[in-house]
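Subject: Structure for your review

Dear colleague,

Please find the structure below, followed by an account of what was found in it.

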Amino acid sequence: MNGLAISPFIAALPKVELHLHIEGTLTPSLRWELAHRNKITLPYATFEDLKASYAVTLNHRPELNGRQPGIPTFLEAYFAGCEVLRTEEDFYDLAMAYLRRCAEMNVRYTEPFFDIQAHTRRGVAATAVLDGYLRAQGDAKCQFGVRSRWILCFLRDEPVAKGLAAYVEARPWAAGTVEGGKGLFHAVGLASNAYERPPMLFEEGFALAKADGLHVTMHCDFGQKDTHEHMHEAIFQVCDGHGSERIDHGLDAEDKEELWQGLVDRKIGLTLCPHAYHRRTATDVLFPKIRRLRDRGVKMCINSDDPTLMHDVWIDGNMQKVYTYCEFSKAEMVQLVRNAVDMCWAEEDVKSAIYKELDEINVLE
Ligand code: ADE
Ligand code: ZN
């Protein structure tokens, strides 16, 4: 859907991905394979039926738009996919498949989100999830040259206390100043259904992470109920009034000067996922909005969110969309990647290597 052919320039561009849910990279074929491996019966008779189920659903927000009987919401489809992930090997295979694909798309560095609660609430051991991702983090660096620092997300539609408990359980796999921390995740995020779940509810979780020397980011979904209030909290109130370090999506800031000016003044970057919005927004509304935010000085980078549930449009397809529809020049596309390097939480030597590659691109060709 709306998939554009990837130009040689976009394909070759070194990339950095900062907004990607690892569970949203589960392909129908890996899901099919894991279902068989774990002896799970999927509610699809054939692989073709399973594949067809990925043509998800524009009714992303049933609270706002009503339910379509028999059709799952986006997040229901996403969490249903998680069912097949049971063992450390499953989480490892999921992560390696994405990180291998990163190498193919010239993604040098990525900060994947993971939803630990989506698995522990099904009875999966936290160690299976965390050790699977940790092993993939190390192997992908050695085998593919792809670096990653991961982000633990609180599920915002679950009770806050459950999120805090999940954080405490996962803490030995953190980086920051956690003594003996294994270095898997360097930040916390806030994901899942934002309906009547504003960021400030999770202030205690952000404080725990900050006290451990971790970074903080949070989703402010596009078109969500109370979207401007959520953005106001994320920019001005969370983290003891310092605001979030980044905001995931956050496109609605364009509507209010106070918000976009707040992003500029506080140097809070947006991790945008253009295809996620393009699924339900007209081209001539969406891309001028992105351009206007950029022109006002809001820092932004381009990402894919949940590519297998979003018509198989990955980071290269998302970059192609802004290249085509925002009519950005090659130099402006390189700047979007530079923004991602500025916004990321990689080691300095990893950042320097990517900046150097970007400096060497001939944007005049
Ligand atoms: N978790 C996974 N995908 C998500 C999305 N697109 N929005 C909010 N939370 C998510
Ligand atoms: Zn997201």
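The model is a predicted one, in which local features need pLDDT of at least 70, side-chain atom pairs count only at pLDDT 80 or more, and totals for chains, interfaces and linings use all residues. Residues are numbered from 1 along each chain as its sequence is written, chains are lettered from A and ligands numbered from 1 in the order in which they are written, and side-chain values use heavy atoms, with hydrogens and water left out.

A side-chain N or O atom of D306 is 2.8 Å from a nitrogen atom of the ligand, a backbone N or O atom of S192 is 2.9 Å from one, and a polar side-chain atom of D305 is 3.2 Å from one. Taken alone, ligand 1 exposes 260 Å², of which the protein buries 99% (Shrake-Rupley method, 1.4 Å probe; for residues, only the protein chains shown count as cover).

The zinc ion (ligand 2) is coordinated at 2.1 to 2.2 Å by NE2 of H19, H21 and H219 and by OD of D305. Donors are N, O and S atoms within 2.8 Å of the metal (3.2 Å for Na, K and Ca); water is not among the atoms, so sites may look incomplete. The donor residues follow the spacing H-x1-H-x197-H-x85-D. H21 lies in the loop between β1 (15-17) and α2 (28-37) and H219 in strand β7 (residues 215-220), so this pair ties together parts that are 198 residues apart in sequence. Both H21 and H219 are buried (under 20% relative accessible area, with exposed over 50% and partly exposed in between; 1.4 Å probe, protein chains only).

Finally, H278 is found in helix α13 (residues 274-278) and counts as buried because its relative accessibility is 5%.

Yours sincerely

How values were computed: Polar contact = N/O pair within 3.5 Å; in protein donor to acceptor, adjacent residues only side chain to side chain. Helix = DSSP H or I, 4+ residues; strand = E, 2+ residues; numbered from the N terminus.
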